[in-house]
Amino acid sequence: MRRLGKLTRLELHGRRNCGLPRSGQITDMKGRRYRFAESDINTNSRRRDPAFCYGEYVTFDLCDGHNFSFAHNVLLLEDEDDLELLKQAFEIENPEPACAAAPNLSKRVDSDTMLELVLPLFGRLTPIQQAGMAYCLPDAVLSDPRARLLRDAAVMKRRIKVWNSVSIQDKNCFLSEIISYLKDALGLLASKGLGDASSQQLPSSNFQFFCYRGKNQFSTTVRLKDVEKLFPGLDRNFFYLPAATELRAVLSFKDRFRLYGEIEDLSQIIEELIEALDQASEVGEKEPVDHFWMNVAKRPVITSDQFESVRSRAPLAVQIEIWNKVNDPSRFLGEVVSRLNLILDLSIKVDAVKQLSHEYVMFPGAVQLRGLLPLEERFAIYEALEYDDVFLAEITEAIGQEGEVSEHQSPSRHFWKSKVPVHTEPLFQIAPRFYKARYWKNCYEDVIDALNKSINIENLPRSSWAPQDIYGENITNEDRRLAAIWQKLSSPGEEAKMLAARCAEKVVSLFYHGLGYQVHDIARQQLDSKGTDWITHDIELDGIERVDVKNSRCQSDSDYYVSHDVKHKYAAGKEVRLAMVLSPFLKIEYLNEPANIPLHWRVPDIRVLGETVLEEIDALRRAFVNPEFSFEVDVKHLVPSWLVEFSSTYYRSQQKHISLLSEKSRHPPDQAWEFLTIPPIPAFVRSGFPLPRQLRDRLTSCQLAVVERLQGAALDGRLSRPWLYLSILTDFLAALRDPPEGFDPANYLELLFDTRDRNVGKQSSIDTGSIKPVKNPAHPCGLYDPLCRVEGLCSTLTLLWRHGNRTRLRDFTQFRLSNSGLLLAREDSQSRWMTLVAYCGGDKLDENKKWIGKCLNYPLVFGREKTCDVCGKLICSKCNFCTKDCQGVNIRMREVFQSMNDIQTPPSYLDDTLDPGYWVFLEEEY
């Protein structure tokens with residue numbers, strides 16, 4: 001033991017001496033500390049300064065009333081003697097020297113040695129002495145796992161200092177101590193009756209808590225700040241340790257979930273976290289959980305597979321946020337679908353899918369997700385996808401949900417504009433009707449347009465002129481001179497007839513000029529006698545084509561003409577064409593002043609009816625005349641209006657469209673017609689274009705036969721107005737003997753006219769009764785029939801079919817069509833001809849029995865009208881006329897009128913003596 005020096009009057013801190021040997025520290029006035037040891041002292045009650053030798057004795061001067069004394073003759077020892085002092089202190093059960101020696105000693109002695117010295121002796125100390133010892137021992141010694149006894153003896157502040165001093169990795173070793181202390185503290189409080197269900201404010205030195213009911217279960221929850229009161233200064237990292245489950249379990253939900261949100265690695269506490277989430281859900285703790293998810297949802301770790309159970313407990317909005325930020329959404333598709341399947345409210349589901357990242361609904365397997373979206377959004381997704389068989393089924397279902405809607409209301413309209421599938425693709429087969437209609441329209445719009453325009457009448461050249469445009473001041477002196485040359489009688493009637501004939505030539509010139517011809521007026525050569533071409537024709541076209549004009553006149557209430565002079569002529573070795581004109585029957589004063597024509601008169605226009613030559617008439621005869629049927633044309637007196645036609649030049653506007661339809665590559669397939677606006681049947685007849693299945697299925701076999709026959713003529717260039725007329729008539733006559741099932745001649749109308757719109761502006765001239773009128777009756781198959789003869793034939797045959805005696809009609813085997821349009825029939829060559837269809841040639845009287853013209857009632861139909869027993873002709877239901885010179889008509893007329901003398905003479909403008917050729921033939925025909 002080496003003496004370091006001698007100090008006097010040094011302040012001694014610690015307990016009073018009380019005559020006990022002690023060791024400890026002294027501090028000089030400069031703050032330096034020294035160890036001291038007192039091995040022996042005088043046993044006298046009064047302290048004194050004995051002799052000091054070898055540093056073994058130290059005497060003190062006591063200072064009553066003060067917690068210190070002065071040491072004299074102190075022997076200072078070196079530090080290496082601390083171990084000896086520590087041992088000696090414990091041996092004499094005096095902790096003060098040990099407390100004084102331990103700090104310095106621990107710097108030189110390792111923890112193991114220190115613990116080996118302290119622990120065996122520690123149990124002999126009083127709790128206060130143990131606390132003092134624990135307070136003095138270094139952190140390195142107290143933090144040793146074996147120093148639990150020392151830490152338990154230390155005051156809380158010292159314990160916390162030791163717990164806080166260790167590294168994060170070593171803090172787990174102290175969790176059990178902390179939790180044990182916390183349990184003891186809470187258990188103590190609960191034992192004092194403070195653990196009921198209500199919360200109470202404890203003294204400020206403690207904390208607020210809640211105790212769950214349960215005898216031995218540690219389930220008290222407290223606030224984190226109250227735990228911090230119990231453990232002042234405790235490192236919060238303890239709460240973040242994965243193993244600190246029990247420590248966190250005592251906290252309130254608010255603090256627990258705040259801690260969960262601050263823990264960096266949640267993967268080690270997944271089970272704890274799931275349990276906490278479930279508990280919070282049970283008690284309705286929403287706010288703390290929402291705060292937790294606000295922090296955790298943004299962490300990448302939450303998207304890992306091991307956190308699936310945790311994610312499933314998150315609010316839907318949080319789950320959507322998590323799903324939307326992942327790098328590989330395909331991993332979460334099943335999770336998304338499963339979560340949404342648990343939601344019962346459809347509106348919530350739909351809203352959730354709308355908030356999802358667009359990638360989710362783009363996956364092939366996301367059928368259920370897409371199925372929740374509105375159709376318009378679904379089709380927007382399909383638009384961005386490359387469809388396959390899987391998508392095809394899904395799109396098919398969506399199309400079914402869309403239903404039959406117009407394009408502007410269709411949710412899929414943009415989808416089809418984007419995909420634009422062709423008819424060979426599977427997607428096309430499920431497309432809505434509006435798309436297919438638009439697709440096929442785009443493919444064959446020109447075909448449909450050409451079909452419609454093949455019977456378009458709007459662009460046909462002009463063929464009629466009002467009397468005001470031709471008569472009156474438009475009649476030149478030259479015209480009057482020519483008319484005067486042609487007059488055979490000097491009478492107003494003859495003058496009117498010839499002047500009307502000259503005006504008819506001018507109308508024909510205007511007509512051909514409208515067709516693009518260079519027209520030369522040949523008839524005027526008669527005025528200067530410089531040429532002789534006028535002998536064979538009236539006008540010349542382009543210096544090549546020669547035309548002879550034939551004019552007839554008709555009453556204002558009828559368009560039937562029955563007579564004109566016809567002479568077939570030849571010029572330059574070629575037959576002269578006959579151009580037929582029908583003019584109104586007007587007196588000379590109205591020709592000169594058409595403005596004076598009474599307004600209530602229905603004066604028709606001057607109409608070009610068409611043209612023909614004998615060669616064309618003979619071709620028709622060869623095509624239609626047979627032993628059972630014949631038709632007569634007395635060309636010397638009359639060319640009937642049904643027998644003439646306009647040249648191909650007249651139909652030039654239609655022909656260019658018909659030419660397009662001749663290309664077979666432009667024929668739409670059957671499936672296209674279902675979506676196209678199918679033109680009327682006449683368009684197919686006129687062009688020869690094959691009928692679509694939709695039309696064929698709707699027609700009867702007899703209708704199809706007629707269509708095919710007419711189409712054949714159209715393809716051969718033979719289709720014309722007379723061809724239509726004779727085709728319908730001969731088909732009807734053939735059907736009389738053995739009518740096909742469902743036969744009705746009214747069905748001819750659908751084949752020849754556009755019957756889609758029956759709001760007809762111009763009615764047929766025929767009183768059709770119950771037969772519905774057709775649109776544009778003057779244009780069968782797009783051809784121009786100014787007097788509606790084809791439509792009149794169909795209506796007349798319908799009346800004959802409906803009113804005639806079917807049994808009797810079947811007995812007829814031979815039929816004849818007269819020049820003027822009368823249809824006659826007989827049973828065999830020995831039988832008398834019976835009239836089936838006719839018009840009346842009798843006289844028409846007004847209420848005062850004044851003669852006002854010829855009756856011309858049409859049609860007179862066998863079966864509806866009576867047949868005269870005398871002559872076999874039909875009896876007019878209006879005037880009882882049958883035929884001239886028939887005794888039967890005289891009898892009937894006497895029954896109607898008291899005397900034939902009551903019938904006044906015709907007015908001058910209808911005087912048949914002035915125009916004998918007009919009525920004589922009519923009377924002779926009967």
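Reader: What does Ser 406 count as, going by relative accessibility?

Author: Ser 406 counts as partly exposed, because its relative accessibility is 28%, and that class lies between buried, under 20% relative accessible area, and exposed, over 50% (1.4 Å probe, protein chains only). This is a predicted model, in which local features need pLDDT of at least 70 and side-chain atom pairs count only at pLDDT 80 or more, while totals for chains, interfaces and linings use all residues. Residues are numbered from 1 along each chain as its sequence is written, and side-chain values use heavy atoms, with hydrogens and water left out.

Reader: OK, and where is the place of Ser 406?

Author: Ser 406 sits in the loop between α22 (389-402) and α23 (413-419), where helices are DSSP runs of H or I with at least four residues, numbered from the N terminus. Ser 406 and Pro 432 are 26 residues apart in sequence, and their C-alpha atoms are 9.4 Å apart in space.

Reader: Switching topic: at what angle do α37 and α39 pack?

Author: Helix α37 (residues 721-737) and α39 pack at about 10°, with axes 9 Å apart; the axes are lines fitted to C-alpha atoms over the stretch in contact, and angles run from 0 to 180 degrees between N-to-C directions. The two helices, α37 and α39, are therefore roughly parallel to each other, a label for angles under 35 degrees.

Reader: Which residues meet there, in α37 and in α39?

Author: Among them are Leu 724, Ile 728 and Phe 732 in α37, and Val 790, Leu 793 and Leu 797 in α39, with contact meaning heavy atoms within 4.5 Å.

Conventions. Parallel < 35°, antiparallel > 145°, perpendicular 65-115°, else oblique.
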